[in-house]
Amino acid sequence: MSDLNRTMIGASPRVDANRTLMGAPPMVADPVVNATITIKPVQCPVCKTFNPVGLAVCVECGLIFDRALPDDAFGAPSVRLPVLVDENGREHPLRPGENVLGRQGDLVFEDGRVSRRHSRLVLSGATITLEDLGSTNGTKLGGQRLAAGEVRTLTAADEISLGGLILRLSLPGESGKTSLPMGGKTQAIAAAPTVDDAPAWLQGADEKWPLRRGVNAFGRRDGNAIVIADPFVSSRHGEIELTDTEVFLTDIGSTNGTRLNGAKLSPEQRTRLEPSDVIQLGQLEFRIVWANAVP
């Protein structure tokens, strides 16, 4: 038997595992069973969530990884995708081609007002179109209900309603974009901005809320344009749609209903309001007041 402490000529010495070796470490032919192998989690290029290795879909935003665009895992996506932003601020990225929206589809929304296959968005180049697929509660674009099979083209910041579930379209570079004047100089504004430039208001007994042109969702939950903290008001109760000269009220299936001058409105019944009309939500009463008094 050879002595491990003797110098041997010719054949390479056997390595004593308990001795400290100087210089380069010996090469190991076979893998070590107990060695620690570092496996990096997969970072979603859209929502930046780290996912366990082996998942095909992001646990946060639902992005299918084998359809994801190539990108640095720790940087921003190389190509920004249009997204739909829901009432909670969560982004749902659109993929090139067809995107089915519904309780079962490419973009899944677990909401009782949404049909299984509610509507379809098609992203083709720079054009995005919306089509209702015969949903039960209907699809609205900018407050206007689409007929089944009707196709409409979307633009930046358009508001989509899936039976009352509100989504907004955000195009690449639109959110958080800062416009700078030419030359990088700061320009003075003529007057300080005000918060009282709304064309109309929803007036309650002790509070009023500004109404903007388009659809103003109201309800008890944060995220509505008008938040009414009352137990008789549903989380998403209804919508007030404002045009240049008219106001329309729609109950979107609230639990306790909406009354107009004492008469209960049917769900999804879009009703034109008169200046003297009284809106009743539980024990609360509201009126529409135009900024210029006369529409």
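Select residues 119-124 and residues 127-132 in this predicted model.

β7 and β8 belong to an open sheet of five strands, in the order β6-β5-β7-β8-β11, with mixed pairing. Which strands are at the edges? Select 107-108 for β6 and 151-153 for β11: each of these edge strands pairs on one side only.

Next, go to the aromatic rings. The structure holds one aromatic pair. Show the side chains of tryptophan 209 and phenylalanine 286, which make up this pair. A pair of aromatic rings is described by the distance of the centres and the angle of the planes. Here the centres are 5.9 Å apart and the planes stand at 55°, which makes the pair tilted. Colour residues 208-211, strand β15, and residues 284-290, strand β24. Tryptophan 209 lies in β15 and phenylalanine 286 in β24, so the pair ties together parts that are 77 residues apart in sequence. Are these two residues buried or exposed? Tryptophan 209 and phenylalanine 286 are both buried.

Two stops remain, each with a charged residue and a ring. Select lysine 208 and tryptophan 201: the charged end of the lysine sits over the tryptophan ring, 4.4 Å from the ring's centre. Then select arginine 270 and phenylalanine 248. Arginine 270 lies over the face of phenylalanine 248, and the distance to the ring centre is 3.8 Å.

Definitions and conventions
Residues are numbered from 1 along each chain as its sequence is written. This is a predicted model: local features need pLDDT of at least 70, side-chain atom pairs count only at pLDDT 80 or more; totals for chains, interfaces and linings use all residues. Side-chain values use heavy atoms; hydrogens and water are left out. Two strands pair if DSSP finds at least two bridges between them. Helices (H or I, at least four residues) and strands (E, at least two) are DSSP runs, numbered from the N terminus. Rings of Phe, Tyr and Trp (its six-membered ring) pair if their centres lie within 6.5 Å; planes under 30 degrees apart count as stacked, over 60 as edge-to-face and the rest as tilted. Buried means under 20% relative accessible area, exposed over 50%, partly exposed in between (1.4 Å probe, protein chains only). A charge sits over a ring if NZ of Lys or CZ of Arg is within 6 Å of the ring centre and within 35 degrees of the ring normal.
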